[in-house]
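Subject: Structure for you to look at

Hello,

Here is the structure I said I would pass on. Please open it alongside this email and follow the residues as they come up.

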Amino acid sequence: MFSMKSFVKEFTTLNYIISKSDSVLLFAHSDPDGDTIGANLALKEHIVSLEKKADIACFDPIPKHLENLLEAKFLHPDNINIASYDVIIACDSVERGFHKILSKISQNQATVIIDHHPDISLQGDVNMVDSSCSSVCEIVYRFFNFLHIKITKEIATALMVGILGDTGNFQHSNTSVQVINIASDLMKKGAPISRIVDAVFTNKKISTLKLWGKALEKAKINPKNGMIATVLTREDIRDCEASTEDIAQVASILNTVPGTKFSLILSQREGDN
């Protein structure tokens, strides 16, 4: 049974903050996935429609498999004047990179945190954290719906990318009736679900498939808690001529193994000891 937070006060406050701001900086987490990209891009589309400035900052570029689907441009945090923005909004896995810019945020800048991961220690002026939600894109959709904000085809596509990615194409246990209803509404508003599925799940390079094979070969199942775990080393990534980007969908593949409830992927990156 999913018990969702209402966020009536937070949604109203966020809407007020955006309406009173001239410029907004949106923040995507390091090694960005569909959820952080989709949530930030959807919010940017809305903010720009209000004739306000909105930029998305991230320490890493948008994954190549999403470049042709989403027209998103990331700015590196080190190359922008963070103090020039009225508000900073961090969407999804905020502890993956957002902490690096906190020292550059002044007291007169509003900060907003939107996340669905539990035990988030970072706090903003406005916090919307709900672990019962499938994704941050689900929370952003609820924000739009609560305030009767028009969801364009571009916004619908961005939100659908995040929802499909974080639910594993509706295969994960976080797929609720609410998620299915949201997806249905996004399709009605123009989200091309077949193109999204193709980009996120089916259109894979040989290097990606090889790395998935390595992950499955090393996978172990704990029958006590239903966890399936695997390890990918730097050597695995090199041998497959893959990149860290190819690791992103390993969890979705592992979660399709019968008898498992959740997955854990430990990966070694360049620079790790």
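This is a predicted model: local features need pLDDT of at least 70, side-chain atom pairs count only at pLDDT 80 or more; totals for chains, interfaces and linings use all residues.

Helix α1

Helix α1 covers residues 8-20, and its 13 residues should span 18 Å at 1.5 Å a residue; the end C-alpha atoms are 19 Å apart, which agrees. Four of its residues are buried, namely F11, L14, I17 and I18. These cover an arc of only 125° around the axis, which puts them on the same side of α1. An α-helix has 3.6 residues a turn, so residues three or four places apart point the same way. K9, Y16 and K20 are exposed on the other side of α1. The buried residues of α1 are covered by parts that include the helices α2 (34-49) and α4 (136-146), along with the strands β4 (87-91), β5 (110-115) and β6 (126-129).

Helix α8

Buried in α8 are S207, T208, L211, W212 and A215. Seen down the axis, the buried residues of α8 fall within an arc of 140°, so they line one face of the helix. I206 and E217 are exposed on the other side of α8.

Helix α2

Helix α2 has 16 residues and reaches 22 Å from its first C-alpha to its last, close to the expected 22 Å. Just after α2, E51 takes a positive phi of about 65°.

How helices pack on α4

At what angle do α1 and α4 pack? The angle is about 75°, and the axes are 10 Å apart. α1 and α4 are therefore roughly perpendicular to each other, since angles from 65 to 115 degrees count as such. V8, F11, T12, L14, N15 and I18 of α1 make this contact with I139, R142, F143 and F146 of α4.

The axes of α2 and α4 cross at roughly 20° and come within 8 Å. With an angle under 35 degrees, α2 and α4 are therefore roughly parallel to each other. On the α2 side the contact is made by D35, G38, A39, A42, L43 and H46, and on the α4 side by V136, C137, V140, F143 and F144.

The cores

Which residues have the most contacts inside the largest nonpolar core? They are L43, I89, V112, I114, F144, L159 and L186, in a core of 59 residues. Helix α5 (residues 153-166) gives the largest share of this core, 8 residues. Leaving aside neighbours within four places in sequence, L159 is in contact with G38, A42, C137, V140, Y141, F144 and L186. There is also a second, separate core of 16 residues, which includes A57, I88, V94 and I101.

C137

C137 is found in helix α4. Is C137 buried or exposed? Its relative accessibility is 0%, so C137 counts as buried. C137 and A42 are 95 residues apart in sequence, while their C-alpha atoms are 8.4 Å apart in space. Not counting residues up to four places away in sequence, C137 touches D35, G38, A39, A158, L159, G162 and I163.

Regards

How values were computed. Residues are numbered from 1 along each chain as its sequence is written. Side-chain values use heavy atoms; hydrogens and water are left out. Helices (H or I, at least four residues) and strands (E, at least two) are DSSP runs, numbered from the N terminus. The expected span of a helix is 1.5 Å times one less than its number of residues. Buried means under 20% relative accessible area, exposed over 50%, partly exposed in between (1.4 Å probe, protein chains only). The arc is that of the directions from the helix axis to the C-beta atoms. Contact means heavy atoms within 4.5 Å. A nonpolar core is a set of buried Ala, Val, Leu, Ile, Met, Phe, Trp, Tyr and Cys residues joined through side-chain atoms within 4.5 Å. Axes are lines fitted to C-alpha atoms, for helices over the stretch in contact, and angles run from 0 to 180 degrees between N-to-C directions. Angles under 35 degrees count as roughly parallel, over 145 as roughly antiparallel, 65 to 115 as roughly perpendicular and the rest as oblique.
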